[in-house]
Amino acid sequence: MSRVLATTPALGRTPLPTGLDPARLPRHVAVIMDGNGRWASRRNLPRVMGHREGVEALKRTLRLCSDWGIGSLTAYAFSTENWNRPGEEVSFLMTLFERVLARELQALEQEQVRIRFLGDLSPLPNGLQQLIADATARTAANTGIHFNVCTNYGSRAELVLAAQRLAERAAAGQLAPAEITEELFAAELHTAGEPDPDLLIRTSGERRISNFLLWQLAYAELHITDVLWPDFDEQAMLTALLDYQRRERRFGGVDPLA
Ligand code: IPE
Ligand code: IPE
Ligand code: MG
């Protein structure tokens, strides 16, 4: 029995590619998963087939990040602006999120993934909200990778909410405005407790942030690839990480060797 398990490919870990320096991996990778619609259009398929395939790319990416020792993966699944899409596409996405979460929860639990959903979850369908609450609770104590799925997420809305919460505390006399620090502000964001992303990957060649993690990305390295999200694979992830490891992060300082 154990022999069978040990040789089951699905349970095998992908070793860290030799070209990567394990000591200089990003602690936190954020990804704008873009290009699902174009992936499908190029195959004369309905756009939603691209979303379905995009789920496979996300599972691959999560597994690679986990196998390679990256502490957190934050993926942009649905923005506050994505409600502007045709109704059928939005409903397909909501149903897809529900189905995938129900189907994958056991594996996430077993693989020690701690999953959270970041964003305003209240407008999501009730069934999805319940699944999210269940998945969050059931994986909360897991010790593996932090997997954050940004769902009905908008960075400006997140910043306004943080400002409101701090203002309420100030109005209640619990906090003086001058006591508000960057740390206190960050603690009110959906990402509270996570280190800021070191690397942002955006697929499909678009060179914009699209209201994603505006505060948290202050010093992230940006990797933009023409690869469409459903095609994002181990090679594409390796390319992104090699690109990241070639960067010299200065944080406003100077290059010590220059
Ligand atoms: C990203 O792919 C997925 C979501 C925003 C949900 P798109 O659906 O934006 O694909 P393109 O940009 O139209 O190709
Ligand atoms: C960003 O992609 C949002 C997600 C990936 C969920 P979009 O396709 O919605 O972004 P824009 O509209 O091209 O900026
Ligand atoms: Mg897009």
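## Helix α8

The expected span of a helix is 1.5 Å times one less than its number of residues. In this predicted model, helix α8 covers residues 234-246, and because its 13 residues should therefore span 18 Å, the 18 Å between its end C-alpha atoms agrees with that expectation.

The buried residues of α8 are A236, M237, L238 and A240, together with L241, D243, Y244 and Q245. These buried residues pack against the helix α3 (47-68) and against the strands β5 (199-202) and β6 (221-224).

## Surroundings of ligand 1

Ligand 1 is surrounded by M33, D34, G35, N36, G37, R38, R47, H51, A77, N82, R85 and L93. Polar side-chain atoms of D34 and of R47 each lie 2.8 Å from an oxygen atom of ligand 1, while an N or O atom in the side chain of R85 is 2.7 Å from an oxygen atom of this ligand. Taken alone, ligand 1 exposes 380 Å², of which the protein buries 86%.

## Surroundings of ligand 2

Around ligand 2 are the residues I32, M33, D34, Y76, A77, F78, S79, N82, R85, R202, R208 and S210. A polar side-chain atom of S210 lies 2.6 Å from an oxygen atom of ligand 2, an N or O atom in the side chain of R208 is 2.8 Å from an oxygen atom of the ligand, and for a polar side-chain atom of N82 the distance to a ligand 2 oxygen atom is 2.9 Å. Ligand 2 has 390 Å² of accessible area on its own, and the protein covers 78% of it.

Key:
Residues numbered from 1 in each chain as written. Chains lettered and ligands numbered in written order. Predicted model: local features only at pLDDT ≥ 70, side-chain atom pairs only at ≥ 80, totals over all residues. Heavy atoms only, no water. Helix = DSSP H or I, 4+ residues; strand = E, 2+ residues; numbered from the N terminus. Buried < 20%, exposed > 50% of the residue type's maximum accessible area, 1.4 Å probe, protein only. Contact = heavy atoms within 4.5 Å. Near = heavy atom within 4 Å. Polar contact = N/O pair within 3.5 Å; in protein donor to acceptor, adjacent residues only side chain to side chain. Areas by Shrake-Rupley, 256 points an atom, 1.4 Å probe, with all protein chains shown as cover.
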